Amino acid sequence: MEQLELFEDPKNNRYGVYLDYETIDRITVAGLKSYLDSVQTSLAEYYKGNQWLHADDVVHSEQIIEALKLVLRDFGEEF
């Protein structure tokens, strides 16, 4: 399959794009990395005293960071 392939199904009012697995993986990794960056930034601002977070949110953010890193390692990312 090409990297990008359009499809149309006017009978069922469906239109879309087929993507190969490598492209899907890159999109997934980009989204996960963006979320990881957002959580890390928020937590860093909290530790600097520039942002307030509830104690439960701090714990949750720390857990999310480790979970995201674990998933991203499965995609070949290194930290």
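The legends below describe close-up views of a predicted model.

**View 1. Helix H2 along its length.** Helix H2, which covers residues 55-74 and has 20 residues, reaches 30 Å from its first C-alpha to its last, close to the 28 Å expected at 1.5 Å a residue. Beyond the helix comes glycine 76, whose phi is positive, near 95°.

View 2. Val58, Ser61, Ile64, Ile65, Leu68, Lys69 and Leu72 are the buried residues of H2. Seen down the axis of H2, these buried residues fall within an arc of 135°, so they line one face of the helix. An α-helix has 3.6 residues a turn, so residues three or four places apart point the same way. Helix H1 (21-48) is included in what covers the buried residues of H2, whereas the face turned away from the buried side carries the exposed residues Ala55, Asp56, Gln63, Leu70 and Asp74.

**View 3. The surroundings of lysine 69.** Lysine 69, found in helix H2, is buried yet has no salt bridge, and the nearest side chain of opposite charge, that of glutamate 66, is 4.5 Å away. When residues up to four places away in sequence are not counted, lysine 69 touches Leu36, Gln40 and Phe79.

**View 4. Asparagine 13 in a loop between strands.** Asparagine 13 lies in the loop that runs between strand S1 (4-9) and strand S2 (14-19). Although asparagine 13 is not a glycine, its phi is positive, at about 55°. Asparagine 13 counts as exposed because its relative accessibility is 62%, and the cut-off for exposed is over 50%.

Conventions:
Residues numbered from 1 in each chain as written. Predicted model: local features only at pLDDT ≥ 70, side-chain atom pairs only at ≥ 80, totals over all residues. Heavy atoms only, no water. Helix = DSSP H or I, 4+ residues; strand = E, 2+ residues; numbered from the N terminus. Expected span 1.5 Å × (residues − 1). Buried < 20%, exposed > 50% of the residue type's maximum accessible area, 1.4 Å probe, protein only. Arc of directions from axis to C-beta. Contact = heavy atoms within 4.5 Å. Lys, Arg positive; Asp, Glu negative; His and termini not counted. Salt bridge = Lys/Arg side-chain N within 4 Å of Asp/Glu carboxyl O.
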